[in-house]
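Let us walk through this model, from the whole chain down to the ligand site.

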Amino acid sequence: MVLAVNAAGVRVARVCGCQQVARSGHRVSAARIPKRYEHCTLDSYETGFRGANASMQQAHLTARRFVEAYPVETDGKGLLITGNIGVGKTHLAVGLLLALIEEKSAQALFYDYRELLKQIQHSYNAQVNSTELDVLKPVFEAEVLVLDELGAQKPTDWVWDTVALILNTRYNDKRTTIITTNYPDLPAGGVGLSATQRATREETLGDRIGERMRSRLAEMCVRVEMSGADFRQSAGRARFG
Ligand SMILES: Nc1ncnc2c1ncn2[C@@H]1O[C@H](COP(=O)(O)OP(=O)(O)O)[C@@H](O)[C@H]1O
Ligand SMILES: [Mg+2]
């Protein structure tokens with residue numbers, strides 16, 4: 001703590017800057033962002049490289065606005081970021097998470113969808129020992145949750161029921177969920193397509209998570225659609241040195 005003088009000219013004790021940095025650092029490690037994405041801030045998200053397009057700029061702008069509007073105006077709503085592999089969805093989601101931690105002191109958590117399914121499976125196997133269920137508590141209760149690659153895997157019914165319970169509970173409690181998915185936010189079953197189109201079409205989010213959850217997400221999350229080339233193929237090819 002340090003002594004300071006507040007706006008009214010009164011001497012007060014406040015948390016020192018070094019402690020604020022330490023607390024923010026603690027919240028960053030508690031968010032469990034994978035090493036591969038630690039560098040992903042909103043500032044390091046480029047929009048000027050060859051191959052960048054308006055949807056990427058728009059998504060970046062939406063992310064910035066979201067951080068400013070959080071938490072009063074966002075009111076528990078999250079974002080659903082869709083787009084092809086490599087357009088920068090995870091980068092943006094992690095950037096949001098870091099900005100919310102640093103600028104809004106949010107308590108945040110990153111989860112890969114497949115990892116979450118594994119955890120749910122694990123909690124079920126361990127149901128005899130009820131304390132094991134605690135592993136899911138942070139997912140229910142995190143102030144901000146990033147769920148990366150929703151739909152990447154199709155779980156069994158009861159695992160899916162738990163996913164739905166987590167998402168619904170979070171929404172009812174006005175906790176923010178930021179979701180990324182590689183699948184386009186379109187209906188299940190190729191509605192409105194011809195038989196040939198249906199045979200060759202790509203899977204949609206509706207196919208992967210069902211129409212019921214898709215319409216729930218429409219209520220819970222503002223949609224951010226990204227398109228374009230894989231960043232790693234254009235600007236960010238792997239190289240040494
Ligand atoms: N606009 C961008 N500016 C800087 N780096 C980017 C950008 N888009 C993607 N990347 C980088 O490219 C890699 C792939 O992006 P990622 O966010 O994982 O894509 P996605 O989640 O859409 O598959 C990451 O290392 C990410 O940091
Ligand atoms: Mg990703």
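Of the 241 residues in the protein chain, 40% are buried. The model is a predicted one. Its C-alpha trace spans about 75 × 55 × 40 Å along the principal axes. The secondary structure of the chain comprises ten helices and seven strands.

In total, 17 residues surround ligand 1. The closest are Glu46, Gly86, Lys89, Thr90 and His91. By residue class, the shell holds seven nonpolar, seven polar and three charged residues.

Next come the polar contacts. Glu46 uses its backbone: one of its polar backbone atoms lies 2.8 Å from a nitrogen atom of ligand 1. Gly88 also takes part through the backbone, with an N or O atom 3.0 Å from an oxygen atom of the ligand. Lys89 contributes its side chain instead, where an N or O atom is 2.7 Å from an oxygen atom of ligand 1.

How much of the accessible area of ligand 1 does the protein cover? On its own, ligand 1 has 550 Å² of accessible area, and the protein covers 91% of that.

Conventions: Residues numbered from 1 in each chain as written. Chains lettered and ligands numbered in written order. Predicted model: local features only at pLDDT ≥ 70, side-chain atom pairs only at ≥ 80, totals over all residues. Heavy atoms only, no water. Near = heavy atom within 4 Å. Polar contact = N/O pair within 3.5 Å; in protein donor to acceptor, adjacent residues only side chain to side chain. Areas by Shrake-Rupley, 256 points an atom, 1.4 Å probe, with all protein chains shown as cover. Nonpolar A, V, L, I, M, F, W, Y, C, P; charged D, E, K, R; others polar. Helix = DSSP H or I, 4+ residues; strand = E, 2+ residues; numbered from the N terminus. Buried < 20%, exposed > 50% of the residue type's maximum accessible area, 1.4 Å probe, protein only.
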